[in-house]
Amino acid sequence: MSHDHFVNRHIGPREGEITEMLQSIGVSSMEELIKQTVPDNIRLKEPLKLQEGLTERRYYRKILSLARKNKVFNTYIGMGYYDTITPAVILRNVLENPVWYTSYTPYQAEISQGRLEALLNFQTMVCELTAMEIANASLLDEATAGAEAMVMMHNLRSRKMEKEGVNVVMVDEKVWPQTLDVLNTRSVPLGIELRILPKEKFEFTSDVFGIILQYPNSDGEITDYSELVEKAHQQEIKVAVATDLLSLALLKPPGEWGADIVFGNSQRFGVPMGYGGPHAAFFTAREEYKRYMPGRIIGVSKDMHGNRALRMALQTREQHIKREKATSNICTAQALLATMASFFGVYHGPEGIKMIAERIHNIAAFLAEEVEKLGYRQLNRQFFDTIRFALPKHVKREDIEWLSLELEMNFRYFDNGEVGISIDETTNREDMTWILEVFAKAANNRWPAVLEYPEGFEIDSKFSRITEFMQQEVFNRYRSETEMVRYIKRLEHKDISLTHSMISLGSCTMKLNAATEMLPLSWIEFNGIHPFVPKNQARGYHEMMEELRRDLSEITGMADVSLMPNSGAAGEYAGLLVIREYHLSRGEEKRNVVLIPSSAHGTNPASAVMAGMKVVVVACDNNGNIDLEDLRKKATENKEVLSSFMVTYPSTHGVFETSIKEMCQIIHDNGGQVYMDGANMNAQVGLTTPGIIGADVCHLNLHKTFAIPHGGGGPGVGPIAVASHLVKFLPSHPIMNNGHVGINSVAAAPWGSASVLPITYGYIKMMGAEGLTRATQIAILNANYIASALKKNYGILYIGKTGRVGHELILECRHLKNTAGITESDIAKRLMDFGFHAPTLSFPVPGTLMIEPTESESKNELDRFIEALNTIFDEIKEVEQGEADRNDNVLKNAPHTAEVVSSDSWEHSYPRSKAAWPLHWVKENKFWVPVGRVDNAWGDRNLICTCGNPKEYELMNHE
């Protein structure tokens with residue numbers, strides 16, 4: 001390949017190093033390694049039919065030409081999406097900063113304190129604005145947050161309600177239509193009856209367990225729900241409220257009038273519309289419901305030295321632990337976008353947020369008055385930012401639409417001919433004049449030029465907020481850009497990301513997120529478009545998405561792809577619903593059993609239960625492979641009710657199982673469909689496909705295999721690819737024609753998290769078929785290189801029949817607990833002293849470490865990682881042999897902070913140098929952990945999930 005080909009920048013090892021690595025693991029060529037690793041009966045017989053890889057310069061020109069086909073109009077559609085101003089200090093230092101976007105979900109708290117603080121700020125801001133007690137660190141979007149609220153209320157039913165089969169949730173018809181659609185999707189498989197009707201017709205009968213309201217509603221109307229909420233509570237009925245977070249700077253918050261759950265979208269807090277996403281949904285509740293909350297919650301705890309430390313709280317709620325008993329399948333959330341929103345709150349503070357909200361309301365109120373003077377009738381009298389008009393008899397909707405498009409504006413048009421306008425943070429005097437021009441011309445009237453910003457319009461006092469919010473120091477300290485950028489950098493320096501060192505997390509594929517792939521995210525042509533604008537304003541998007549669907553179909557060997565699911569777990573759920581709908585279309589309603597291997601990721605059984613299925617676990621044998629006979633037995637036993645089989649390939653144990661095609665045939669012979677979890681697709685691309693293996697549907701983690709960054713815990717994108725007989729069941733959308741007419745929506749936006757799709761598009765276009773195949777080969781080589789170097793000391797738990805691992809490996813650590821009292825967690829914490837993020841702990845096998853190096857890591861970095869782990873093994877041997885104290889040693893006390901190492905007092909049995917600089921190269925780029933080992937149990941016993949909480953001061957000082 002030419003030196004300017006992107007593949008040479010994406011792949012870590014150089015050609016000479018590749019030869020050395022192949023020799024070190026005992027093979028003479030890459031083909032020999034792949035032949036030993038990937039079963040011959042599933043190998044592709046010819047290369048993928050993709051375009052030749054582009055150079056970075058040629059790709060830049062291509063994506064720029066697509067961007068220019070998108071038309072960025074002033075859009076006043078609203079409906080949960082609004083233009084916003086992303087402060088440049090946040091755009092430059094967070095969204096465009098690889099420290100923030102290449103970090104992983106903060107499971108390792110000691111090296112994640114920066115983003116944990118940012119997410120704690122997000123939770124605090126949301127609690128303050130909603131006047132609720134506890135918030136999570138984000139969900140996927142507002143519609144799915146609404147679905148989570150419905151399910152949570154269902155789970156909160158009393159025993160009496162459960163026994164009596166209470167299963168109805170009433171939903172106001174004035175909830176966003178995309179939310180209604182997702183509610184319908186989620187409710188049916190769970191046996192929840194959805195009653196969508198005007199709130200005035202709510203009847204609190206004995207079969208109702210919850211109600212869902214929108215505040216302000218989809219017409220923009222502000223309603224006093226307090227009496228309705230009180231009546232609901234009298235009947236032990238829970239209340240969930242969807243709300244506009246920015247409006248709560250002016251409106252009485254739902255927490256003050258009795259809401260049990262409050263959710264919505266934080267997009268208005270500096271996160272671009274991005275043609276639908278990604279955005280960070282928020283979710284809050286009463287603290288008494290904390291163990292039923294979906295998603296991740298950041299909490300305050302202490303480290304081993306008694307210092308304040310943050311970590312993810314109440315993790316036993318999560319799907320990877322509770323599996324089929326989980327109440328949600330949430331895995332990836334929207335951490336990067338929540339971080340941006342939190343910094344927006346920090347930068348503007350309460351007074352700035354209130355000022356933005358007041359300006360929006362003043363403009364909306366001014367326009368309402370002026371448009372009425374032109375002969376239109378305003379239909380909603382109490383509003384925040386949205387006004388709805390009935391047209392005069394001589395004015396047609398088409399007149400408004402034509403005139404607005406001439407001036408490059410988009411309004412909302414209702415089915416009955418009425419028109420809506422939603423004002424946002426970016427609306428200015430000139431925009432107001434243009435809006436009035438449209439209504440005046442349509443009515444053959446004159447209009448005045450707007451010379452000043454309107455002021456003095458106030459929301460009715462019965463709806464107005466009187467309580468203060470966001471009084472914590474963090475929201476009242478950083479107003480200048482100088483101070484703000486220093487705060488962002490201060491947090492940034494507390495975290496390990498791919499900018500520091502490799503992140504070897506197994507099953508996570510922490511590969512390069514190349515700068516060229518990331519550039520379009522900041523372009524207004526991609527991030528400034530509302531998801532419900534006419535398609536001809538997003539031609540560049542649609543050309544890109546059509547190409548991307550074709551490429552992903554080719555890569556997977558499938559017929560078509562839906563881009564809607566906005567996480568891997570959402571992809572699992574969507575894929576299972578497609579299978580469910582397929583069986584229903586054939587009159588096979590009884591097919592509701594899904595077979596899942598015991599080694600599967602926890603989202604698999606959790607997603608299956610959400611899809612209304614019964615989980616039957618398939619055993620694995622002593623070699624970690626799926627027990628073929630147990631699969632055959634359970635498929636045969638459930639032949640009449642078998643829906644599907646969920647399988648990860650290569651396996652969750654990191655091995656290409658040779659019997660995979662036979663497994664798929666067993667399922668098909670018994671009437672089921674095969675769902676392939678695409679978590680390990682990085683070991684397949686260009687070598688085999690889910691289609692060849694025998695899968696009927698698979699999801700892809702674009703944030704793993706296809707280079708979208710993890711963002712500290714999101715965004716993720718989980719499109720599903722399906723065989724031809726399932727295409728007609730792919731998810732549709734209630735507002736926009738997204739090219740599919742199957743099941744109801746699984747996300748709020750028609751094309752999911754569209755604004756990050758250019759990353760995957762760029763990755764595929766620049767890599768090309770040859771580059772993608774090469775990346776897969778190197779990923780397998782890197783994993784086998786590490787396995788070869790570490791197997792003598794630690795042992796590799798599972799290997800294939802020829803002694804090879806796939807693209808990842810499981811390091812055996814369980815015996816070390818018996819010989820030295822050292823756990824896999826001790827090894828993980830000690831790796832931090834070497835500047836490395838830990839591998840995946842105790843998954844899929846407790847007491848082990850799972851390592852996935854990816855193709856992007858160089859031989860030099862792999863060698864450092866190997867040397868670090870082998871040095872740690874030597875330290876363990878010192879404990880075993882009595883040379884180091886069993887309790888006071890470098891592993892048990894890891895990680896070591898600068899404060900501890902530089903303390904005047906040092907009472908350990910090992911030197912400071914061993915603690916801080918265990919190898920010479922550590923000194924060259926030392927990462928100092930900001931806190932010592934975090935006490936997780938203390939944080940769960942003393943749950944504090946907001947900053948500046950008086951409870952924290954009391955507890956910390958009491959102990």
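## A four-stranded open sheet

Let's start with an open sheet of four strands, ordered β11-β12-β15-β14 and paired in antiparallel fashion. Its edge strands are β11 (377-378) and β14 (412-413), each pairing on one side only. Strands here are DSSP E runs of at least two residues, helices are H or I runs of at least four, and both are numbered from the N terminus; two strands pair if DSSP finds at least two bridges between them. β14 is joined to β15 (residues 419-422) by two bridges, and the two strands run antiparallel. Within that pair, arginine 412 has glycine 420 of β15 as its bridge partner.

A word on the source: this is a predicted model, with local features needing pLDDT of at least 70 and side-chain atom pairs counting only at pLDDT 80 or more, while totals for chains, interfaces and linings use all residues. Residues are numbered from 1 along each chain as its sequence is written, and side-chain values use heavy atoms, leaving out hydrogens and water.

Strand β3 (residues 168-172) is mostly covered, with five of its five residues buried (under 20% relative accessible area; exposed is over 50% and partly exposed in between, with a 1.4 Å probe and protein chains only). In a regular strand, side chains alternate between the two faces of the sheet. Here Val168, Met170 and Asp172 point one way, Val169 and Val171 point the other way, and all are buried.

β3 runs parallel to β4 (residues 193-197), joined by five bridges, and parallel to β5 (residues 208-215), joined by four. Valine 169 has bridge partners in both strands: leucine 194 in β4 and glycine 210 in β5. With helix α10 (residues 177-190), β3 and β4 make a right-handed β-α-β unit; right-handed means that, with the strands pointing away from the viewer, the path from the first strand over the helix to the second runs clockwise.

## Helix α8

Helix α8 (residues 142-155) has 14 residues and spans 20 Å from its first C-alpha to its last, close to the 20 Å expected at 1.5 Å a residue (1.5 Å times one less than the number of residues). Of its 14 residues, 13 are buried.

## Helix α27

Nine of the 10 residues of α27 (residues 824-833) are buried, so this helix is largely enclosed by the rest of the structure. Among the buried residues are Glu824, Lys829 and Arg830. The buried residues pack against α26 (814-820), β24 (840-841), β25 (848-851), α28 (859-880) and α30 (912-916), where contact means heavy atoms within 4.5 Å. Just after α27, glycine 835 adopts a positive phi of about 90°.
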